[in-house]
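Work through the exercises below with the sequence and the structure in view. Each task is followed by a solution in steps.

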Amino acid sequence: MSSFDLKNESEVKEYIDKLGVEYRFGCYSEKKPEVCHLLGDYLEGIRKDFEKAAKVYRSNCDDYNYGKSCLKYGNYTFLGKGRASEKGDPAKAYSYYEKGCTLNDPDACLHSGLLLVSKLMPKEITRDVPKGFELLKKSCEMNNAGACFYLSGMYISGVLKEEYQQAAKKADKAATPAAVEQRPPGAYVVERNMEKAFEFAYKACELRNMYACANLSQMYAKGDGTPRDEKKAEKYKKLALEMQDEVKKQQQLTFQQGLNPT
């Protein structure tokens, strides 16, 4: 593609139109799934035609097994975006997330895993913590920081089986250390394990998850799951604060970009 002066409005319009032509040709004529996904992104981000974008993402997932498009169509379906009814379909969204995960998209594994382990998800989804846990592990193995952080949290608190969760809600003392000790073997779907919590928090922090770095600092400070180390506690506290500042600066930049020049 020849060079364009992106400060010239007419040339920008020509550039955008040609980009759309190139993506359509690469998708429909050359049948390249990565270009079809770019076409979906083009329709979504530039043309703001969410209905057409949804159709492209869905076709690219169904016909070409492109994991990123399965994730995108799952997002659209969950939110009801690009649909005439604008009503979400969580069960259908999950099926696309799960397919995306099978095709090794880490974000699709994260989304499908979270749908299965969360208590706050829609009633259309049947909670399945063991399966969700495995999906999150797969996502973490593919270096998804959010999945690693969530797994760390599951190991920090442990995840009770449904029948014990119901009992815990009824008993005021269920959260006390003594009550925890009284729970029989096998009461947990995911046993509380601070060593594993530390491992996943460490990996999530290495992948630049701010909250994992904050947790890591606390673990080093208290000696939870790892030997106590005040220097490392301070190191990861500082790192978490630096990340927090980066997020604030980015949010400020994003806000300023939306302001009209004075």
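**Exercise 1.** What is the torsion about the S-S bond of cysteine 27 and cysteine 36, and why is the handedness of this disulfide what it is?

Solution. The model is a predicted one. Start with the bond: the sulfur atoms of cysteine 27 and cysteine 36 lie 2.1 Å apart, and a pair within 2.5 Å is taken as a disulfide. Next, take the torsion about the S-S bond of cysteine 27 and cysteine 36, which is about 95 degrees, so the disulfide is right-handed.

**Exercise 2.** State whether cysteine 27 and cysteine 36 are buried or exposed.

Solution. The cut-off for buried is under 20% relative accessible area. Cysteine 27 has 5%, so this residue is buried. Cysteine 36 has 1% relative accessibility and therefore counts as buried.

**Exercise 3.** Describe the disulfide of cysteine 140 and cysteine 148.

Solution. The S to S distance in this disulfide is 2.1 Å. The torsion about the S-S bond of cysteine 140 and cysteine 148 is about 100 degrees, so the link is right-handed. For accessibility, cysteine 140 has 2% and counts as buried; cysteine 148, at 0%, counts as buried.

**Exercise 4.** How many disulfides does the whole structure hold, and which pattern do they follow?

Solution. A search of the whole structure gives five disulfides. Counting the bonded cysteines along the chain, the pattern is 1-2, 3-4, 5-6, 7-8, 9-10.

Definitions and conventions: Residues are numbered from 1 along each chain as its sequence is written. This is a predicted model: local features need pLDDT of at least 70, side-chain atom pairs count only at pLDDT 80 or more; totals for chains, interfaces and linings use all residues. Side-chain values use heavy atoms; hydrogens and water are left out. Buried means under 20% relative accessible area, exposed over 50%, partly exposed in between (1.4 Å probe, protein chains only).
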